[in-house]
Amino acid sequence: NTKDLEKQVAAREAVKYIRDNDIVGLGTGSTAYYAILEVAELVKNGLKIKGVPTSEHTASLATSLGIELLDMNSVEYIDVTIDGADEFDVQLNLIKGGGGAHFREKIVASLTKKEIIIADAAKKVDKLGKFKVPVEIVPLALNYVKRALTKLGGTGEVRMKDGSPFITDNHNVIIDADFGLIEDAAKLSESLNQIEGILAHGLFVNLTAMVIVGKGTEALTYTK
Ligand code: DER
């Protein structure tokens, strides 16, 4: 359908930024999926890259497609990462974590020289916050963090999957916190960073070099 075509268009544009011998961060989600397919095609045609996966799911997908992987602890930096997002604004701030992978995605993004986000046109927003902010929490600290989030104006419940709490690759739970439309993403990110027990939240501020959007058959590139 149109959305899938737009994801593919964005993915095809994004992989143009990969060079031979690059270390490539491999994102998670249905958009990053198309980028991983494209990278696998390039590898099959001789491109020499090594991938750093942002989730167990991406690791097994990439391995099944013949992409050689590195552990994020074995690299000093990553040359280029291609990942998705749930929302992005004109400052290239993001909400990520819809797929529950935002902790490893944030570490990979922090290691990455050129973080490229790919998205279908619907992900572009004037103001972040319609999509709730995923907050990954160490279960021991759940009640403390829940109260701290409420004090910050964020209400939300533990993300469920098939009737039980969704458990991340890192064995934690997620609260999808509704802060309403977010006036100052950097400020909220800083406040969330102060709350002990939060492993990672889905506000990605000043981590993105460019966002490539598929709009119909066109690829639109946003940079700051
Ligand atoms: O979980 C994540 O951060 C994913 O990148 C997600 O936010 C985007 O997933 P999608 O490409 O399937 O919409």
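Tutor: What follows goes through the ligand and then the pockets. This is a predicted model, in which local features need pLDDT of at least 70, side-chain atom pairs count only at pLDDT 80 or more, and totals for chains, interfaces and linings use all residues. Residues are numbered from 1 along each chain as its sequence is written, and side-chain values use heavy atoms, with hydrogens and water left out.

Student: How many residues surround the ligand, and which are the closest?

Tutor: The ligand is surrounded by 15 residues, with Ser30, Thr31, Asp86, Glu105 and Lys123 the closest; a residue is counted if one of its heavy atoms lies within 4 Å of the ligand. By class, that shell holds one nonpolar, nine polar and five charged residues, where Ala, Val, Leu, Ile, Met, Phe, Trp, Tyr, Cys and Pro count as nonpolar, Asp, Glu, Lys and Arg as charged, and the others, Gly among them, as polar.

Student: What lies 2.6 Å from an oxygen atom of the ligand?

Tutor: That is an N or O atom in the side chain of Asp86, while backbone N or O atoms lie 2.9 Å from a ligand oxygen in Thr28 and 3.4 Å from one in Gly98. The ligand taken alone exposes 350 Å², of which the protein buries 90%, by the Shrake-Rupley method with a 1.4 Å probe.

Student: Switching topic, what is the volume of the largest pocket, and which residues lie nearest its centre?

Tutor: The volume of the largest pocket is about 270 Å³, and of its 22 lining residues Thr28, Ser55, His57, Gly99 and Ala101 lie nearest the centre. A pocket here is an open set of points on a 1 Å grid over the protein atoms alone, where a 1.4 Å probe fits, with protein on both sides within 12 Å along at least five of seven lines, and lining residues have an atom within 4 Å of a point.

Definitions and conventions. A polar contact is a pair of N or O atoms within 3.5 Å; within protein, one must be able to donate a hydrogen and the other to accept it, and residues adjacent in sequence count only if both atoms are side-chain atoms. Grid points are joined across faces, edges and corners, and a volume is the space filled by probe spheres set on the points.
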